[in-house]
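Subject: Structure handover

Hello,

Here is the structure you asked to take over. Please open it beside this message and follow along.

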Amino acid sequence: MDPYKYLKIRFNPDGSLYRYGEAPLLPAAPAGEPVAVAAEGSGDGEQGPRRIVVHSNDVPLSEAAGTGLRLFVPSGGHARLPLIVYFHGGGYVLFRAASQPFHNTCTALAAAVPAAVASVDYRLAPEHRLPAAFEDAADAVLWARPHVAAGRPVFVMGSHNGASIAFRAALAAADAGVELRGVILNQPHLGGAARSPAEAASVDDRVLPLPANDLLWELALPVGADRDHEYCNPEPMLTRVGAARLRRLPPCLVLGRRKDPPRDRTRTLVYALQKAGVAVEARLDGAGYHAMELFKPNCAAEFTAQVTDFVRRHSAAGAGDGDGDVVGVSKL
């Protein structure tokens, strides 16, 4: 297969990337958009879904880096809504915070939890190779610091490569003294030069075939780096970070799927977290392939329910009297 054609990308003459097959970019919805949320506690299946209106707005994050946030807030939300700082997927190369699948993911989470969600529009490779996205994650943590100080429960979360960014954000938060309530890692995108059994079996994977996966890493990593670089391979990364630093992380929810090519590397990460003494909830046996929650309604419902349960439980722990608006919500 031609991975460039599969990913629908090609280089422009100036070395930037032309992405011609991406999902539509949705505008922010300051006036709100209705989201169906499954009814809770009915038990008999007769009660239909509730409709929650979710408002969204775009605000700047770093003028120097050209990054921003798309904020999602459910209508009628109380002052202590938890805040989820979210990083979208796309192999560091594709998609934006406004891309339809991830915009919809954030509206669903904002309505279901309920929570304020700040989706980070981080810089993409190869125009901005790693560690640019990790630096943007550190900026997002600093943006969230005032909300932590005000007593708001704050979480970092990411899907696919966004999960790997969220992990770096959690480390940056620990280093900066920003106390998170939890970390949610949904199918972290990890790799290595030597093929794991799952990677070796993924040559013709339905969603993340091996040639496309290799190309994403080639475009994302620093020039000249191979897949054993710490930005890709969890083993050298975990060795450098060390158990003492890992131990400072808050409770973690790690989600995986049985046919996800990086699943062996995810287990390596989970084992290291558990060995360091981090409270880890690992649910790695989800049905289907990589990113199925973006394509299958039943997988999306399960994913939303798992995140909702985790955020609610860890928001309640240590609840206080925090108040204040999420930055930018007053502009809606």
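How many residues does H2 have, and how far does H2 reach from its first C-alpha to its last? Before the answer, please keep in mind that this is a predicted model.

H2 has 13 residues, and the distance from its first C-alpha to its last is 18 Å. That is close to the 18 Å expected at 1.5 Å a residue. Several residues of H2 are buried, including Phe102, His103, Cys106 and Leu109. Ala110, Ala111 and Ala112 are also among the buried residues of H2.

Helix packing

Two packed helices are described by the angle between their axes and the distance between the axes. For H2 and helix H10 (residues 297-316), the axes come within 10 Å and cross at roughly 45°. H2 and H10 are therefore oblique to each other. The crossing in which H2 passes H10 is right-handed.

A second pair is H3 and helix H4 (residues 161-176), whose axes are 8 Å apart and meet at an angle of about 50°. H3 and H4 are therefore oblique to each other. Here too the handedness can be given: H3 passes H4 in a right-handed crossing.

Aromatic rings

A search of the whole structure gives seven aromatic pairs. Tyrosine 92 lies in the loop between strand S6 (83-87) and helix H2 (100-112), while phenylalanine 134 belongs to helix H3 (residues 132-149), so the pair ties together parts that are 42 residues apart in sequence.

Are tyrosine 92 and phenylalanine 134 buried or exposed? Both tyrosine 92 and phenylalanine 134 are buried. Ring pairs also join Tyr92 and Phe134 with Trp217 and Tyr231 in a cluster.

Backbone details

Most residues other than glycine have a negative phi, and most peptide bonds are trans. The places below depart from that.

Which bond joins valine 113 and proline 114? A cis peptide bond does, with omega about -15°. Proline 114 is in the loop between H2 and strand S7 (116-121). The peptide bond from alanine 125 to proline 126 is cis, with omega near 5°. Proline 126 is located in the loop between S7 and H3.

Lysine 8 has a phi near 60°, which is positive in a residue other than glycine. Lysine 8 is in the loop between helix H1 (3-7) and strand S1 (9-11). With a relative accessible area of 40%, lysine 8 is partly exposed.

Histidine 160 is not a glycine, yet its phi is positive at about 65°. The loop between strand S8 (154-159) and H4 holds histidine 160. Histidine 160 is buried, since its relative accessible area is 4% and buried means under 20%.

One more residue

Arginine 80 sits in the loop between strand S5 (67-74) and S6. Its relative accessible area is 16%, and arginine 80 is buried. Arginine 80 and alanine 116 are 36 residues apart along the chain, and their C-alpha atoms are separated by 9.6 Å.

Regards

Note on methods
Residues numbered from 1 in each chain as written. Predicted model: local features only at pLDDT ≥ 70, side-chain atom pairs only at ≥ 80, totals over all residues. Heavy atoms only, no water. Phe/Tyr/Trp six-rings, centres within 6.5 Å; stacked < 30°, edge-to-face > 60°. Helix = DSSP H or I, 4+ residues; strand = E, 2+ residues; numbered from the N terminus. Buried < 20%, exposed > 50% of the residue type's maximum accessible area, 1.4 Å probe, protein only. Expected span 1.5 Å × (residues − 1). Axes fitted to C-alpha atoms, helices over the stretch in contact; angles between N-to-C directions. Parallel < 35°, antiparallel > 145°, perpendicular 65-115°, else oblique. Left-handed = near helix turned anticlockwise from the far one by under 90°.
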